[in-house]
Amino acid sequence: MAAEGLPLRLDPGASMEVNVAATAPVVIDARTRPGDYVAGVVDAGGSAVTLELLADGKPIRRFFRDAAGRSDFRYVADEGDAVLRLNARGAGRVLVRLDKRIGVAEQVAPPKKPVSPMMADLAAKVAAGESTDAFWRIAAERGTPLVEPGPEGKAVVTFLMRGARRSVRILGAPSTDHDPMERLGDSDVWFKTYVLPSSTRLSYKIAPDVPDLAGTERERRVAILATAKADPLNRAPWPAEAGDAYNQSSTFSLPDAPAQPWIAPVGAPSGKLSTLAFASAKLGNARDVTIYTPPHFNPADPGTVLLFVFDGREYQSKVPTPLILDNMIAARVIPPTVAVFIPNIDGDTRATELPGNETFADALAGELLPKVLAATSLRHSPARTALAGSSFGGLASSTIALRHPEAFGNAISLSGSYWWHPDDAEPARANHVAALVAKTPRRDVRFFLSAGLFEAGGGGRPSILETNRHLRDVLEAKGYAVIAREYAGGHDYLVWRGALSDGLLALFGRAEIKAP
């Protein structure tokens, strides 16, 4: 037995038996340095023992008190002269063992084995000093991202970048957080691997050496746009005719991704595009809207659908809606459809008009709809009139239809931003539109809601996926007709160009006609 003040030294892997009592505590020196990680075991048998950590002779931590049997302890030494003190209520013989004492320099996590078999094989070769040239030749031949078999219904997908200096991030990866790639050792290989549903479709950009700057969180996040560009080894750039890689995205689809049969030219007769000047007294602004009329347009046909589309420029380019309508109408899977493309005046106006703006809703119902009816000679039917849009446009489709069901009886919402709420809304209400639906009488409106499985992250707010599911449930509970779809994709025009036609089929499709 050692007297207090004369510590017993104990090294890792060693153990000692000591006689201990309340009146004769034992002091044990694990010979630590600041930052050392220490772990050990006390086996008190039938005794009741207490173990404390002392610094400068004063207790700073108690690991356990009056404990019998086996007890573990672990700590990080803040002070180099810290020691352990062990005492018991009665006399007893106690076994003390020191399992680990790991210095700061040794506290390095072992390298993670890559999920991708190809990357695991490359990691072993790089560790053995081999060149990466053969790997890059294979990547160039196969195209990126690399796709390998995964668990049932999934695939292992690896994004790659060669030769960045400091870092690489992915814009549009299967997350909402601009995921960082990791470097393989000190090689020129940067990679990020995901296990994804075999129905995945997405677009993305690779951003090497993003500036790491002071500023707001948003400023730091949008700095990714300074270097984000198409993946040079990807074989499916989009759009193909972009002027440079910074204005292109890269795309990929796994084998079970839903078909998008209506986006390719097949020689279907083309509709006509015309321009209609729309000056709104309610909004105090003006813009030109584009009207698509189908081939052989007959304004007296009572089955004709009237479709208003937000983000009108994007829905004539990134989503080739006129071509989609040409193909679907020619295949007779939807009725003849007139589409009105409503452009944004600018980004600030979009952010003001689309999310829950009652004045904008009133302008569409009271000013734009009558002008379109007059210009096309269509007979108005709310049941054959729809609003469609994505993101804020999806939100607008639902809120405007709920405010003016006498004008718009259908809403096609693609990744609607239902995390949004007015500044004066109750903070506890995470889904303003769902709360609005719950507290108001049911309107005569049908809904098509879609969201991406990769839209689950909300950046500190409720996510698009979560709020779309919530709204779906509330609409169904209220008795609305609602069709909801979820896609293995993100907040992405590449997904929306298929989801738009799915929405048209769900709300206006001719069930007896099958899509190709």
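Visitor: Which residues lie nearest the centre of the largest pocket?
Guide: L171, H178, S391, H491 and W496 lie nearest its centre, and the whole lining numbers 50 residues. A pocket is an open set of points on a 1 Å grid over the protein atoms alone, with protein on both sides within 12 Å along at least five of seven lines, while a cavity is a set where a 1.4 Å probe fits but cannot get out; lining residues have an atom within 4 Å of a point. The model is predicted, so local features need pLDDT of at least 70 and side-chain atom pairs pLDDT 80 or more, whereas totals for chains, interfaces and linings use all residues. Residues are numbered from 1 along each chain, and side-chain values use heavy atoms, without hydrogens or water.

Visitor: How much space lies in that largest pocket?
Guide: About 2,000 Å³. Volume here is the space filled by probe spheres set on grid points, which are joined across faces, edges and corners.

Visitor: Turning to the second largest pocket, what lines it?
Guide: Its lining has 17 residues, with E358, T399, R403, H432 and L436 nearest the centre. The space in this second largest pocket is about 320 Å³. Helix 6 (358–376), helix 7 (392–403) and helix 8 (432–439) each supply at least two lining residues, and the largest share, 4 residues, comes from helix 7. By class, the lining of the second largest pocket has 8 nonpolar, 5 polar and 4 charged residues.

Visitor: At what angle do helix 8 and helix 9 pack?
Guide: Helix 8 and helix 9 (residues 464–478) pack at about 5 degrees, their axes 9 Å apart. Helix 8 is therefore roughly parallel to helix 9. Axes are lines fitted to C-alpha atoms over the stretch in contact, with angles from 0 to 180 degrees between N-to-C directions; under 35 degrees counts as roughly parallel, over 145 as roughly antiparallel, 65 to 115 as roughly perpendicular and the rest as oblique.

Visitor: Which residues meet there?
Guide: From helix 8, V433, A434, V437 and A438 meet H470, L471, V474, L475 and K478 of helix 9, contact being heavy atoms within 4.5 Å. The residues of this contact divide into 7 nonpolar, 1 polar and 1 charged.

Visitor: How many cavities of 30 Å³ or more does the structure hold?
Guide: There are 2. The largest cavity has a volume of about 80 Å³, and helix 10 gives the most to its lining, with 4 residues. Residues lining the largest cavity include S199, R201, Y487 and D502. The second largest cavity holds about 40 Å³ and is lined by T304, V305, L306, L378, R379, H380, S381, R384 and T385.

Visitor: Finally, what box do the C-alpha atoms fill?
Guide: Along the principal axes, the box is roughly 105 × 60 × 45 Å. The protein chain has 10 helices and 25 strands. Its radius of gyration is 32 Å, well over the 24 Å that the globule rule gives for 516 residues, so the chain is more spread out than a compact globule. That radius is taken over C-alpha atoms, and the rule is 2.2 Å times the number of residues to the power 0.38.

Note on methods
Ala, Val, Leu, Ile, Met, Phe, Trp, Tyr, Cys and Pro count as nonpolar, Asp, Glu, Lys and Arg as charged, and the others, Gly among them, as polar.
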